[in-house]
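Hello,

Here is the structure I promised to pass on to you. Have a look at it first, and then read on for what turned up in it.

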Amino acid sequence: MIEYIPNENELELSVSECDNDMIKALAKALEDVGLSAYAKNYYKRKNGGEPYFVITKSYAKENENDPDTMNMWIDVSHEYTVSAQYYYHTHFDNAEAAAKAVKDFYDEKLAEYLIITPNYTIAFVHEAKQNWEEAMQVMAENEPLAASVFKEMAPTIPENSHHCHSYRYGKGLPLDDIIIAKESNQPLCERSFYRVSVIFGKQAEYYFDSN
């Protein structure tokens, strides 16, 4: 496993010296799923904020300017917030579920899938597919559900809120969550609508309609 190296603005703290029950519970859950190397320490920013764990993996670099590693983050507050490599994040009320999701991302069983439009990003998680045709099939099979959630939820996002989660709509997905985020997205390769899939530790893959 790849060691996480904290930056100058982070504090590295030992779980064994911690009295926070939620941190201890998450550390044990990470050990139980085979990620014990990342269960020994947690981190805090020097300027404050919630504590967090970091899961690190080597990155499939395509050029020398790419980073050597990629990270997943687990923020610990009144809940556990798992942030995947690229965009997706979700919230758990128990350490075991959070650790299992992290392990499934780490083992490349799950991947992030995104639908990008000029004014919204839609994100969900599904089985990871190494083959681009199979990844596109995953997108195609789940876009009707994503479109239905988008139609109902997008108009309800408050002006002062960036995104919302649709836990009650995502039944059947590996993680019962679809994110609808209101944001301005720049075109990519002159396309304002496109799709993305991301497997932890790998380059993001971009998909464009033929027309």
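One definition before the tour: two residues are in contact when heavy atoms of theirs lie within 4.5 Å. Please also keep in mind that this is a predicted model.

Let's start with L30. Leaving aside neighbours within four places in sequence, L30 is in contact with L35, S36, Y38, A39, F53, I55, I74 and A99. L30 also belongs to the largest nonpolar core, which has 42 residues; there L26, L30, F53 and I74 touch the most other members. Two or more residues of this core come from each of α1 (21-32), β3 (52-58), β4 (69-76), β5 (80-83), α2 (95-106), β7 (110-116), β8 (120-127) and β11 (194-198). The top contributor is α2, which gives seven residues. Another core lies apart from this one and holds 21 residues, including Y120, A128, V138 and I157. As background, nonpolar side chains in soluble globular proteins tend to be buried together.

A hairpin of five residues joins β5 to β6, and the two strands pair in the antiparallel sense over four bridges, with β6 covering residues 89-92.

Last, the cysteines. How many disulfides does a search of the whole structure find? The search finds zero. Are C164 and C189 buried or exposed? C164 is buried, at a relative accessible area of 16%, whereas C189 is exposed, at 59% relative accessibility.

Note on methods: Residues numbered from 1 in each chain as written. Predicted model: local features only at pLDDT ≥ 70, side-chain atom pairs only at ≥ 80, totals over all residues. Heavy atoms only, no water. Disulfide = S-S within 2.5 Å. Buried < 20%, exposed > 50% of the residue type's maximum accessible area, 1.4 Å probe, protein only. Core = buried A, V, L, I, M, F, W, Y, C linked by side-chain atoms within 4.5 Å. Pairing = 2+ DSSP bridges.
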